[in-house]
Amino acid sequence: MRLLLLGANGQLGCDLLRVFRTAGDSVIPATHAEVEVASLDRVSQVLAETKADVVLNTAAFHKVEECEKNPALAFQVNATGAMNLARVCHQSGAVLVHFSTDYVFDGHKRAPYEETDLPSPLNVYGASKVAGEQLIACNAERYFIIRTCGLYGVAGSSGKGGNFVENMLRKALAGDAMRVVDDQVLTPTYTVALAQATRDLILTQKFGLYHLSCEGQCSWYEFARSILELAGVDAELSPVKTTDFPSTVRRPSYSVLSKVKFRSLALSIPSWQEALSRYLQERSTQRHLASVAPTQVSL
Ligand SMILES: NC(=O)c1ccc[n+]([C@@H]2O[C@H](COP(=O)([O-])OP(=O)(O)OC[C@H]3O[C@@H](n4cnc5c(N)ncnc54)[C@H](OP(=O)(O)O)[C@@H]3O)[C@@H](O)[C@H]2O)c1
């Protein structure tokens, strides 16, 4: 496969690059500085230059508080950007692989969300991602829209500044007492596990909308407790409620995604516990490699 990877510096982007290249694919990474997805001209130019047959789009504006303050920008990146990619991919015959979010749902269901459940976002970010999904569906035919959840990867989220696992470990090692919500349930997902499952899914050529996160579910508090246990770190950790952290943005209190459709293709993804163990083993090696690696060749 010859792939163009947008958002290549992001946490999912970094692991997609690593996983696909390790599998022997030719990947052309493009950072935000190189390609702005909201520019149809630039997107069209880069696809013509690279002649990619698959476009992986991880680019997003996903700081939820900032999206509330700047809905125009949220829609420009998450909706218009997605539409631009769908149009140029449709014209060139490339497959578009676009990442979306559990935040398209309101969390009221209390059972894993299926692809057939109607989106009902609670905030601007979720609404802009739903718009992006719909604009892809009406502008392209050969696409995968992958809704995922609770990402963490060694690179850390460039849009959010780090990842939850590292934040917990840093606070624990500093001796800080930690309070973590136990009334928001999700599936934490290691970006390497997602990248591998994404590659498996692309190879099926069974286009469409998929839910893809690790298996299982937990609250943020349970996730934090597992991080500390598996890392062998002692810390003062207590469960609290979402209402203890007043926020201007509403978030779904339940956002577990059903993987029944993904599994029906005879594909699998690890449980969040297995993926967390693997992340903790790999993080030291990865960081060391990153610190000695030469600058990546890109566009
Ligand atoms: N993080 C999560 O927990 C989570 C959960 C569910 C779904 N998702 C979805 O998963 C995808 C990847 O998330 P992530 O955590 O890897 O995010 P990330 O680390 O913030 O990476 C996003 C990348 O997109 C780039 N980007 C931002 N705006 C762009 C634009 N207008 N044009 C081109 N590139 C742009 C960013 O570059 P700069 O930083 O240089 O701007 C960054 O490299 C996103 O679609 C997100 O909506 C994430």
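I take buried to mean under 20% relative accessible area, exposed over 50%, and partly exposed in between. The model I'm looking at is a predicted one.

**Entry 1: R251 and its partner**

I looked up what the R251 side chain pairs with, and I found E65: the two meet in a salt bridge, 2.9 Å from N to O. R251 sits in the loop between β12 (237–240) and α9 (260–263), while E65 belongs to helix α3 (residues 64–69), so this pair ties together parts that are 186 residues apart in sequence. I checked E65 as well, and it is partly exposed, with a relative accessible area of 34%.

**Entry 2: other salt bridges**

I noted that side chains of opposite charge can pair when their charged atoms come close. How many salt bridges does the structure hold? I get ten.

One of them joins E215 to R263, with the closest N and O atoms 3.0 Å apart. E215 is in the loop between β10 (208–211) and β11 (218–219) and R263 is in helix α9, so here the parts tied together are 48 residues apart in sequence. Is E215 buried or exposed? I have E215 down as buried, at 18% relative accessible area, whereas R263 is partly exposed at 42%.

I also looked at R278 and E282, whose side chains meet in a salt bridge at 2.8 Å, N to O. Both lie in helix α10 (residues 272–292), four residues apart, which is about one turn of the helix. R278 comes out partly exposed, with a relative accessible area of 29%.

**Entry 3: the nonpolar cores**

Next I went inside. The largest nonpolar core has 51 residues, and L56, V97 and V165 are the ones that touch the most other members. Helix α7 (residues 191–204) gives this core its largest share, seven residues.

**Entry 4: α6 against α8**

Last, a helix pair. The axes of α6 (residues 164–173) and α8 (residues 220–231) come within 10 Å and cross at roughly 60°, and the crossing is right-handed. On the α6 side I listed F164, V165, M168, L169 and A172; α8 brings W220, F223, A224, I227, L228 and A231. What kinds of residue make this contact? My tally is eleven nonpolar, no polar and no charged.

Conventions:
Residues numbered from 1 in each chain as written. Predicted model: local features only at pLDDT ≥ 70, side-chain atom pairs only at ≥ 80, totals over all residues. Heavy atoms only, no water. Core = buried A, V, L, I, M, F, W, Y, C linked by side-chain atoms within 4.5 Å. Buried < 20%, exposed > 50% of the residue type's maximum accessible area, 1.4 Å probe, protein only. Helix = DSSP H or I, 4+ residues; strand = E, 2+ residues; numbered from the N terminus. Axes fitted to C-alpha atoms, helices over the stretch in contact; angles between N-to-C directions. Left-handed = near helix turned anticlockwise from the far one by under 90°. Contact = heavy atoms within 4.5 Å. Nonpolar A, V, L, I, M, F, W, Y, C, P; charged D, E, K, R; others polar. Salt bridge = Lys/Arg side-chain N within 4 Å of Asp/Glu carboxyl O.
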